[in-house]
Amino acid sequence: MMLRDLRLCPCFGSRSSDETGEDLDPVLLVSGMGGSILHSKRKKFGFQTRVWVRVLFSDLEFKKKLWSLYNPDTGYTESLDDDIEILVPDDDYGLYAIDILDPSLVIKLLHLTEVYHFHDMIDMLVGCGYKKGTTLFGYGYDFRQSNRIDKLIEGLKVKLETAYKASGGRKVNIISHSMGGLLVLCFMSLHNDVFSKYVNKWITIACPFQGAPGCINDALLTGLQFVEGFEAYFFVSRWTMHQLLVECPSVYEMLPNPYFSWKMQPQINVWRGHSEDGETSVKLESYNPTESISLFKEALRHNELNYDGNTIALPFNFSILNWAAGTRKLINNAKLPSGICFYNIYGTSFDTPFDVCYGTETSPIADLSEICHTMADRFAAVERVGVAASHRGLLRDQTVFKLIQKWLGVEQKVRKHSKSSKVANASLN
C-alpha cells in the first residue's frame, strides 16, 4: 500500500502500466560542455560542415572553423574567420545534435562509446514509450558561449514552449547533463516565472553547481582531451582544444566558486624550482580558487596561436573572468520555484579531478609558463544519489536509467529501437 501511495506522489511519477506515449509528460534532454554537434557554414552559402565532433581532418577543421576570440562588446565568442558562423543542427526534434556526436559510418562501425552521448538514454526513453517530437526533445547549443547569453537562453525557452505545446499543454521534465545544468540554472534565475509555467521536474546529472575545480583549472592551463586512448590520435588534440577554451566564457563560468563553503578548498599544486645565490631549491606551491587567478595570468602570459599567417595573443582573459563573475552571481541567486521536483545524480568515480598538480619534486617547474606547454546544488532535492560512473558514462549507466525511470514514473517495455536514418547515414561532412 505504501509503494502504491508513493507512485501517486507527483515527484515520483504516477503513470499506470496501460498508458501510452501521448499520456506521458514530455522530457527535454539538455547537453553540457562538448555535448552538441556543431556545424560551420559560410555566411554567404548554405553548405554546412560538421566541425565538432569528427574523426577525419578533425584538428585542421577545428582550427580553421572553431578557433575563436571573445568579443567583450557583445559577450559572444566569435570565430576567427569572420565569414564563418557556427550552427547547431535541430534535426530529429533537437535529439540528433546530442545523440551520437560523430554520426559517421566509421564511428558507428567502431561503436566508439565516448561519442555515443545521449544515445543510450534516448533508446531507453523511447523504450519506455516516449515519442520523438511529442514527448521527447533535445536541446544542443553552442557550448563555447556563456550560459547566460541571450541566444542560448532564448533557445531553451523555445524548446520548453515547443515541448509543452506538442504534448498538449503538459509540463516538461528536464534532464540536464554537466554544464547543461548551469544553463538551466541561469534560465531559472532570469525567467523564474517561465520556468515555473513550463517545468514539472528537473533531473541533473553531474552538474558542476559550484564549479569543476580540477577539470577547468587543468583545461585553462593545459587543455582538454575529449577522447582518451588510441582513438585520441584521430580527434582534436589537447592543445588545439586549449586554444579555444581560453576564449570560452562557459569555461570561466565553471571555475570553482570562491564564495562556496568548501569542506576542503580545491587547490592547484605546483612543484617549483628556485635559484638563489647559486643554490637551487624545490618548493611545493599551492593556490586556492582566488590565488589561482595570478597563476593563470603568469602561466598564460606567453600563450598565442598562429592563424592564417597571423600571431594572436591568448593570455588569461580578464574580460571573460568579469563576465563569468556576473554569471556566478546569477547562479547563486537562482531559486527553485515551488511545486517543481528537483533530483540530483552525481558521479562518485573521481574521474573528474578536484585538485591538480604540475611538476614533481625531482622535476620541478622553473617558469609557470612551462605548465601550458555534495549539497552543492543548495536546493530542496527530492533525492540526491551518487553513482559510481565516469562523467560521460553516467549518460549510459543502468543505475542512472533506473533512477530516471523511477522519478518519471515509467518502465522500459522495449529494449531496442531502430535508429533514425539521420543518425545512421550521416556523412563525414
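Strand S3, residues 48-52, is mostly covered, with four of its five residues buried (buried is under 20% relative accessible area, exposed over 50%, partly exposed in between, with a 1.4 Å probe and protein chains only). Helices (H or I, at least four residues) and strands (E, at least two) are DSSP runs, numbered from the N terminus. This is a predicted model, where local features need pLDDT of at least 70 and side-chain atom pairs pLDDT 80 or more, while totals for chains, interfaces and linings use all residues. Residues are numbered from 1 along each chain as its sequence is written, and side-chain values use heavy atoms, without hydrogens and water.

Look next at strand S2, residues 38-42: S2 and S3 pair in the antiparallel sense over four bridges (pairing takes at least two DSSP bridges). Ser40 has Thr49 in S3 as its bridge partner, and five residues sit between the two strands of this hairpin. Further along, Phe57 lies in the loop between S3 and helix H2 (58-65), and is exposed at a relative accessible area of 60%.

Now for the rings. Rings of Phe, Tyr and Trp (its six-membered ring) pair if their centres lie within 6.5 Å; planes under 30 degrees apart are stacked, over 60 edge-to-face, the rest tilted. That gives 15 aromatic pairs. Phe195 and Trp202 make an edge-to-face one, 6.2 Å centre to centre with 75° between the planes. Phe195 is buried at 1% relative accessibility, and Trp202 is buried at 0%. Phe296 and Phe316 have ring centres 5.3 Å apart and planes at 20°, so they're stacked.
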